[in-house]
Amino acid sequence: MSTNYFCEITPEIAHFAELSRQAATINPELFTEYDVKRGLRDINGKGVLVGLTEISDVCSTKMVDGKSVPAPGELYYRGYNVKDIIRGLSDNNHFGFEESTYLLLFGKLPTSEELTSFCQVLANYRTLPTSFVRDIIMKAPSQDMMNTLARSVLTLYSYDDMADDISIPNVLRQCLELISLFPLLSVYGYQAYKHYHDGASLFIHTPDSKLSTAETILHLLRPDSKYTPLEAKLLDIALILHMEHGGGNNSTFTTHLVSSSGTDTYSAIAASLGSLKGPRHGGANIKVVKMFDDMKQHIHDWKDEEEIGAYLTALLNKEAFDHAGLIYGMGHAVYSLSDPRAELFRTFVERLSKEKGREDEFALYSTVERLAPQIIARERKIYKGVSPNVDFFSGFAYSMLDLPLELYTPIFAIARISGWSAHRLEELNYNGKIMRPAYKNVQEHLEYIPMDQR
């Protein structure tokens with residue numbers, strides 16, 4: 001029997017799929033009749049309130065004359081504006097991801113001594129169990145690094161003598177280990193895949209305890225382990241901006257939902273990884289990069305705004321790229337006038353484009369950044385403003401860092417594990433009840449028909 005037999009869509013499966021499709025059809029008008037918020041959002045995109053948090057705050061509106069109106073976006077970690085956190089980082093060896101992780105987990109900014117001690121704890125955990133790379137990561141490498149990462153996380157359960165203990169000290173210990181190990185699991189998984197599937201040379205560098213998380217990623221990934229200070233700084237900024245974004249995003253809500261069942265840390269984080277893998281969540285920056293690659297092939301003059309505008313219009317009219325009718329990287333579910341993460345990231349991306357000699361590409365991004373909101377407003381009915389989100393620039397930044405596409409979403413996970421950890425601890429500390437959302441059944445009750453009467 002062929003090993004690919006189980007991957008085939010047989011006529012029987014196609015038939016069953018059609019039955020499933022018919023069984024899953026619900027009249028859209030019923031959602032309005034019963035006031036069901038599809039996607040847990042109302043018509044204006046505002047999320048349904050399902051919990052409370054002190055970890056982060058996403059702000060996009062302000063009150064004027066008693067009414068909520070769009071405002072420039074702001075993001076707060078434990079009450080501190082992320083803009084201030086980024087501006088507080090010096091241009092020397094002061095990296096911010098570890099400091100921000102401390103803030104998210106413990107609710108306060110660390111002193112120099114506290115940060116040094118915390119970084120040492122993370123460094124001590126940055127080592128995998130004996131033979132884990134050989135026995136787990138090197139065997140049956142997946143073409144998708146998020147699946148590789150999730151499998152590795154679930155396998156770590158077997159190496160933990162206290163895997164099911166959900167006391168706060170033990171969960172914190174597990175979270176710190178995962179925060180430390182995510183760069184290794186992601187990069188090693190990628191190296192194994194490239195070696196076994198593409199025949200590339202295999203590089204497995206040992207972690208250096210003196211390096212920050214951002215430096216560790218570049219050290220592990222590059223054959224010569226070399227990188228410039230600006231490259232490491234830009235990646236550090238990217239990690240800070242992606243590490244947390246309120247409790248309402250899909251993967252963080254998954255962390256709360258699954259944690260509320262009382263399950264172990266490895267299962268909870270694996271579930272969050274499954275959520276982040278989805279192209280509607282963690283894979284958005286890949287779409288931006290591919291969109292711009294297509295744009296550069298079809299636009300002859302990158303400085304011709306009329307030609308660029310025509311391409312963007314074609315995108316919206318489903319006449320270009322993937323024919324989805326979207327300009328990727330534009331707009332956000334919460335932010336309207338601006339995404340503060342995109343604004344902060346933009347400056348560092350511009351600096352790196354000069355270092356890399358890619359100013360022309362940055363100029364193209366800047367032109368699209370300016371024209372796209374105007375064209376979207378002209379072509380579409382929108383309820384709020386449209387502006388670039390953080391994914392608009394992050395893909396370009398990662399390409400300048402020579403990060404492979406396969407690692408774009410795992411880099412997101414390396415950052416977001418800090419936020420997930422904080423939310424898991426918050427859920428276990430304060431809630432104590434399993435989440436049980438309600439669904440209204442709209443299928444009428446039927447009388448069972450015996451087999452011989454059908």
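**Helix packing and buried positions in a predicted model**

Helices α13 and α17 are roughly perpendicular to each other, a label that applies here because angles of 65 to 115 degrees are counted that way, while those under 35 are roughly parallel, those over 145 roughly antiparallel and the rest oblique. This is a predicted model, in which local features need a pLDDT of at least 70 and side-chain atom pairs count only at pLDDT 80 or more, although totals for chains, interfaces and linings use all residues. Residues are numbered from 1 along each chain as its sequence is written, and side-chain values rest on heavy atoms, with hydrogens and water left out.

The angle between α13 and helix α17 (residues 390–400) is about 70°, and their axes lie 8 Å apart; axes are lines fitted to C-alpha atoms, for helices over the stretch in contact, and angles run from 0 to 180 degrees between N-to-C directions. The helices themselves are DSSP runs (H or I, at least four residues), as strands are (E, at least two), numbered from the N terminus. From α13, the residues A284, N285, V288, V289 and F292 meet D391, F392, S394, G395, F396 and Y398 of α17. By class, this contact of α13 with α17 has seven nonpolar, three polar and one charged residue, where Ala, Val, Leu, Ile, Met, Phe, Trp, Tyr, Cys and Pro count as nonpolar, Asp, Glu, Lys and Arg as charged, and the others, Gly among them, as polar.

Helix α13 (residues 284–298) also packs against helix α16 (residues 359–379), at an angle of about 105° and with the axes 12 Å apart. That angle makes α13 roughly perpendicular to α16. On the α13 side the contact (heavy atoms within 4.5 Å) is made by V288, F292, M295 and K296, and on the α16 side by E361, L364, Y365 and V368. These residues divide into six nonpolar, no polar and two charged.

The next topic is the nonpolar core, a set of buried Ala, Val, Leu, Ile, Met, Phe, Trp, Tyr and Cys residues joined through side-chain atoms within 4.5 Å. The largest such core holds 113 residues, of which F182, L185, L273 and L312 touch the most other members. Helix α8 (residues 168–198) gives the most to this core, with 14 residues. When neighbours within four places in sequence are left aside, L312 is in contact with M295, I327, V368, L371, A372 and I375.

Helix α8 also contains A192, which counts as buried at 0% relative accessibility; buried means under 20% relative accessible area, exposed over 50% and partly exposed in between, for a 1.4 Å probe and protein chains only. Not counting residues up to four places away in sequence, A192 touches I137, M138, P141 and L202.

Two buried residues in loops complete the picture. S225, in the loop between α9 (213–221) and α10 (229–242), is buried with a relative accessible area of 18%. The side chains of S225 and H205 are joined by a polar contact of 3.5 Å, that is, a pair of N or O atoms within 3.5 Å, of which, within protein, one must be able to donate a hydrogen and the other to accept it, with residues adjacent in sequence counting only if both atoms are side-chain atoms. A polar atom of the S225 side chain also lies 2.9 Å from the backbone oxygen of H219. N249, in the loop between α10 and α11 (250–259), is buried with a relative accessible area of 14%, and its side chain makes a polar contact of 3.1 Å with the side chain of S251.
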